[in-house]
Amino acid sequence: MGLRVGLEVHRQLDTRHKLFCECPTILSTKPPTLTLERRLRPTQSELGQVDPAALFEFNKGRAINYEADPETACLVELDEEPPHQLDPEAVDIALTISLLLHARPMDEVHVMRKVVIDGSNTTGFQRTAIISLNGKLDVDRKEIPIQQISLEEDAGRKTGENKNTVIFRLDRLGVPLIEIATGPVIKDAQEAGRVALAIGQVLRATKKVKRGLGSIRQDLNVSIEEGALIEIKGVQELDLVSKAVELEVQRQTSLLQIRDELRSRKVKPADLKEDFHELTPLVSRSESKIVQSALKLGGTVQGVKLPGFGGLLKRELMPGIRLGTEIAKRAAYWGRVAGVFHSDELPGYGIGQAEVGAVAKKLECGPSDAFVIIADYKENVLDGLKAVVERAREAIAGVPEETRTANPDGTTYYMRPRPGAARMYPETDVPPVQISSDRIRQIGDNLPRMPEDIAREIGSKYEISPKLAAQLVNSEYLDTFGEIAAIGKDIAPSFVATVLTESMRSLARDQVPVENLDDTHLKEVFRLVAEGKTAKESVLEILKWLATHPTANAASAVDQLNLGMIGRAELKGVISKVLESHRSLVQANGAKALGKMMNLVMAEVRGRADPKLVTELLRTELEPDRG
Ligand SMILES: [Zn+2]
């Protein structure tokens, strides 16, 4: 079907300072000490040709509230002071990644401004700088071209939103992001996942990238033959890359089927008219809460006929997303409305059969026609219905070009129109940075090793299987593993590796919030095992508890769960009791009763005593000569 996918991987760098100031790159956990409200207005002179995407965001007219505190933001984030020079540490990391990906560094790095008017940047633009071009990465013996590697500043962190206001926290604004863009050469969904994984490995090899939720975002460009180029923004997890591509293919294919259906019904764009009708009198007594609250606020209810669209609005494009959903999202975006009612889902939502009949009659709908109704303020209703007609016209052409946002399940929704080309202009406040050949040579001489080499090395050093070693390198826990393995010989590396890979994944699958477990938690748990204070068998249960009680420490988890090891004396007591209650069996069989006694004792102390110690103590009892 001619699938072509390009990937854009964004990852936060773990630098000491932000990209254009000396603030740290951490997120604040405290309440803000400063809040200010702004409205962003793009001016013609700054933008040259005004970008449609930018203008749209502006037209939404929401107020923007910025929250900051002096520990994580300074005058630069507040746009009260010009940006400082490009953070040299971030540039070094970007150069390292460039060399690992065989890309050619620029002689001179220029900072550019990219217009973003969603308010996530106090300046109204995002600063970005191309570091290198034309790299490559081998993934399963196929060469994936790396078109461009850039440094960008991360945007403010959205912490709240309603119809009239958006709130951004400025702690994240300015955190360096590396952006790696591949050529559109990826041919199937699984390959997209593998490429994303391989790029992730290169980034992690630097040991200078942040990890955890929110530190990584993948954008995808997806197109199929006869479809359109769709940008999908913000795929947060690697595992979701393949899924998002698959679902987008499904969506575009379904839209092409709808196009064919509309053509066979001989529907033409000119048939779709911005011919909106007042419907308030027909639905004013309906039980719909949306209608009633719109009318109470002085709003109106209007509708439009979509000729030839009967039955098509309920066609599913992706799980839970129908053509009607797509149309509703457009109306929501352009009309600032909560949603729409369409004829394929009515009667319903408090609108009854009689009302549907009256509306259909008023709009002169025949059996093959559909209609859409919006209830809101009049201005919003009109903008919304215009967007509905526009989107319906696009359905006749096939797949419209869009920028979409990824949901956590890999489905997507309309975010905004695809931005035009006039988005970048030079940042004159930051001087260009010369990249000397000495600097490149020095970085080249100290490149970190690649994941496959590291896997080979830890495999032989710790005697763990190649598969487990590879999993460990692919996991977020490679460094943690090294630190835990260094605890000493009382803890088996293969056990640690298995917990950090397979067990952590299975906990995550069971909805345990493993992202709450930090290095300290993990090290503490294994240290308790090494010191004989809890059993190997208890590790998962302890981790599970800590994930939901992240402020507690491992020792208190052991206490709470009663998973402490029992002391030698207490264990001897348990053994004596078991032997006592089976005295005749022991006397008759002597040392041969060991297996049976072992089972009985372990049944009492499982998870709280080392089986080796139990065996040893039992032997002493059953074979007195040995004692
Ligand atoms: Zn700052």
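Which domains does the domain assignment of the chain give? I noted domain 1 (4–229), domain 2 (267–398), domain 3 (451–561) and domain 4 (568–622). I kept in mind throughout that this is a predicted model. I then took the centres of domain 3 and domain 4 over C-alpha atoms, and 31 Å separate them.

**Entry: cores**

I looked for the largest nonpolar core and found that it has 103 residues. Ala-94, Leu-220, Ile-373 and Val-388 touch the most other members.

**Entry: helix α3 and Ala-94**

I went back to Ala-94 and set aside its neighbours within four places in sequence. Ala-94 is then in contact with Ile-131, Ile-149, Leu-151 and Ile-178. I listed the buried residues of α3, and Ala-94 is one of them.

Next I checked the length of the helix. Helix α3 (residues 88–100) has 13 residues, so at 1.5 Å a residue it should span 18 Å. Its end C-alpha atoms are 18 Å apart, which agrees. Just after α3, I noted that His-102 takes a positive phi of about 55°.

**Entry: a four-stranded sheet**

I traced an open sheet of four strands in the order β2-β3-β10-β9, with mixed pairing. Which strands are at the edge? They are β2 (34–38) and β9 (157–161), and each pairs on one side only. I read an average twist of 25° from one strand to the next.

I then looked at β3 (residues 63–68) and β10 (residues 165–169). These two strands run parallel and are joined by five bridges. Ile-64 stands opposite Val-166 in β10.

**Entry: Val-5**

I found Val-5 in strand β1 (residues 4–12). Is Val-5 buried or exposed? I counted 26 C-beta neighbours inside 10 Å, so Val-5 counts as buried. Leaving aside neighbours within four places in sequence, I listed its contacts as Pro-184, Ile-186, Ala-192, Leu-220, Asn-221, Val-222 and Val-245. Leu-220 had already come up in the largest nonpolar core. Last, I compared Val-5 with Val-267, 262 residues apart along the chain. Their C-alpha atoms are separated by 32 Å.

Technical notes: Residues numbered from 1 in each chain as written. Predicted model: local features only at pLDDT ≥ 70, side-chain atom pairs only at ≥ 80, totals over all residues. Core = buried A, V, L, I, M, F, W, Y, C linked by C-beta atoms within 7 Å. Buried ≥ 20, exposed ≤ 12 C-beta atoms within 10 Å, placed from the backbone. Contact = placed C-beta atoms within 7 Å. Pairing = 2+ DSSP bridges. Axes fitted to C-alpha atoms, helices over the stretch in contact; angles between N-to-C directions. Expected span 1.5 Å × (residues − 1). Domains from an automatic or database assignment.
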